[in-house]
Amino acid sequence: MINPSLSTKNLIRSASQVGPIVSALYYINHSIFDLILAECDGLSLVNTSKNHDIIDNIVYDCIISNDAVELSELVSNLNLLNTTKILVMHNELPSFLKKEDRFLLSEGLQNTSICCMTQNAAKDTFAANAEYIPYGLPSHSINTKTRNSILFVNTRNNPKITGIYANIAKQYSDAKMITSFQNMDISDAQNLFNSYSMVFCLNSFIDVIFSMSCGCSCITNLTISHQGLTCISDFSNIEAQILNALAHHDANVQHQIGLNIQNQYNMEIFVD
């Protein structure tokens, strides 16, 4: 169901059927989305992850997860059976899931509210009755001063990214790799990304568009057609591709792209 006027906050409040403050146990996505969701007034988020114990001495209005498999496992937890469950889908379900696995997921999550953040996620038949709510990005000024070279986003501890960063850092001493968005708010992230010309990011659409909203060019393995974006599928000469992209970075072009993306992904719709 396409309803661009519906906000994430309203979906969560409607699903949990509670008043002005919604208390949610939130299983983090390890992406900028965690910081954006925290911008929604009226949501009291208790962040956790799959590898941490559930804080079970608190009564939650709802559970929010970014992973269908993860959420289906949580459903069987006796402490959470009567708690409203909300699934945020950023992508289609993994291709390795068999037909019977998808069926079991559908059965286990049949009373779950589903929110799709991208058109690709909304196309998945698993999300046939889901709401589609596009990402929202907070508007901000884009740094036009001299920037550092490249920022590597490695919040899921991908050894491939670590190796590529190590090689690039030998040639660009100002290159940096971040491994977590914890202890940041969205303003911290904006300031960080605004200090780099380019961002290297794999498997996260929201991190890609956030990077570009900060005036950065971006390198990713996602198939996205957009000016200022380098999409890669062959990692055999990745360092050469990065160096070439850095050499062709155009700050003026990326500044305009950043403004366009901020206009396209409306934060007011997302949170109000």
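I started with S197, which counts as buried because its relative accessibility is 13%; buried here means under 20% relative accessible area, exposed over 50%, and partly exposed in between (1.4 Å probe, protein chains only).

A note on the source: this is a predicted model, where local features need pLDDT of at least 70, side-chain atom pairs count only at pLDDT 80 or more, and totals for chains, interfaces and linings use all residues. Residues are numbered from 1 along each chain as its sequence is written, and side-chain values use heavy atoms, with hydrogens and water left out.

Back to S197: I found it in strand β9. Helices (H or I, at least four residues) and strands (E, at least two) are DSSP runs, numbered from the N terminus. Leaving aside neighbours within four places in sequence, S197 is in contact (heavy atoms within 4.5 Å) with R147, N148, S149, G215, C216, S217 and H249.

Next I looked at helix α9, residues 238-247, where I238, I242, A245 and L246 are buried. They sit on the same side of α9, because they cover an arc of only 100 degrees around the axis; the arc is that of the directions from the helix axis to the C-beta atoms. Their cover includes β9 (196-200), along with β7 (148-153), α6 (159-169), β10 (217-220) and β11 (229-231).

Then I turned to α1, residues 8-16: T8, K9, L11, I12, A15 and S16 are buried there. Their arc is only 165 degrees around the axis, so they too lie on the same side of α1. Q17 follows α1 and has a positive phi, near 55 degrees.
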